[in-house]
Amino acid sequence: MLKRYNITVSSDYEEPLLGLAEFYGVSAFSNPLIRDEGMGETDFVYTGETIVSFIVSTVEQDYKAIEKGIINWLKDFNLPQSALSSEEYSENQDWMANFKEFFKPIQIGEEIVIRPPWEPALPCENKATTILIDPGMAFGTGTHETTRLCLEFLSKLDVKDQYFLDLGAGSGILSFYLMKKNAKGGVAIEIEGAAVENMKKNAALNNIPDGLEMICADLGKYKPSKLADGIVANITSPVILEYLPYFSPWVKKGGWGVFSGVNSTNADLVKKAFAENGWKDLHEKTDGDWHGFYLRYKI
């Protein structure tokens with residue numbers, strides 16, 4: 001039996017909640033709450049709240065201890081216990097079904113459309129790069145601010161014939177976009193095995209060529225086979241701070257880096273870490289409380 005804990009909070013609390021999921025070793029994903037406005041496919045607005053979901057096996061994990069941990073976390077942040085709800089599913093039940101209402105097609109600038117496969121194509125797709133995403137258990141539907149920030153930076157890069165690393169690849173959006181921009185190849189690294197399997201399904205949806213390798217690995221133990229022209233990492237601030245000294249040397253001198261997953265609380269710490277690890281020429285964008293960065297390595 002699977003149990004899904006849904007915690008509805010202000011988007012400010014999303015990053016610490018994902019850190020809590022990592023602490024307990026459970027799969028987690030999040031989606032911003034949206035409200036329909038008008039009749040068009042993309043006529044919706046963000047409410048400022050996010051649903052963070054923990055997926056727990058009632059057989060293989062101590063779900064009662066995890067539930068107690070979530071409740072204590074809410075108390076620590078002076079948040080009401082009513083923010084927590086839960087649902088149970090049999091192993092073969094589609095526990096994502098009622099979340100599909102939140103997965104809307106989204107257009108990023110003039111060049112990118114991210115769309116779930118069950119939604120019809122947008123009129124602009126004949127001129128845009130379209131990425132089809134069935135999110136499954138992976139974090140990343142394109143609606144999240146951090147994904148959009150990464151894509152905005154990546155859209156300005158010429159990656160033709162380049163080799164990249166995508167750290168914390170989630171559902172594969174960023175890797176797929178780079179491959180569709182004619183990157184020669186890359187490695188999409190994700191620590192969740194279920195997310196990697198789902199990423200491979202999404203790669204098939206998008207007809208991604210064999211040049212993209214999708215693997216399950218711990219960043220602390222991974223060793224790349226060669227240096228990358230660039231690196232993209234849409235991961236949380238604590239992970240960036242912990243692993244930046246390890247993965248920075250995986251990039252060629254003068255190579256590019258695109259980072260997000262950083263909230264306003266930790267932005268200054270992350271920028272300091274960039275400087276200490278050889279990253280220069282910093283460009284920063286914000287979307288709500290989230291920060292994205294483009295930098296060059298040891299130029």
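## The largest pocket

Helix α1 gives the largest share of the lining of the largest pocket, 5 residues. A pocket here is an open set of points on a 1 Å grid over the protein atoms alone, where a 1.4 Å probe fits, with protein on both sides within 12 Å along at least five of seven lines; lining residues have an atom within 4 Å of a point. The space in this pocket comes to about 900 Å³. Its lining counts 41 residues, and those closest to the centre are Gly-168, Glu-190, Ile-191, Glu-192 and Ile-235. Sorted by class, the lining holds 21 nonpolar, 14 polar and 6 charged residues, with Gly counted as polar.

Do keep in mind that this is a predicted model, where local features need pLDDT of at least 70, side-chain atom pairs count only at pLDDT 80 or more, and totals for chains, interfaces and linings use all residues. Residues are numbered from 1 along each chain as its sequence is written, and side-chain values use heavy atoms, leaving out hydrogens and water.

## The chain as a whole

You will find 7 helices and 14 strands in the chain, taken as DSSP runs (helices H or I, at least four residues; strands E, at least two). Of the 299 residues, 55% are buried (under 20% relative accessible area, 1.4 Å probe, protein chains only; exposed is over 50%, partly exposed in between).

## Cysteines

What about disulfides? The whole structure has 0, a disulfide being a pair of cysteine sulfur atoms within 2.5 Å. Cys-150 counts as buried because its relative accessibility is 0%, while Cys-216, at 45%, is partly exposed.

How values were computed:
Points joined across faces, edges and corners; volume = space filled by probe spheres on them.
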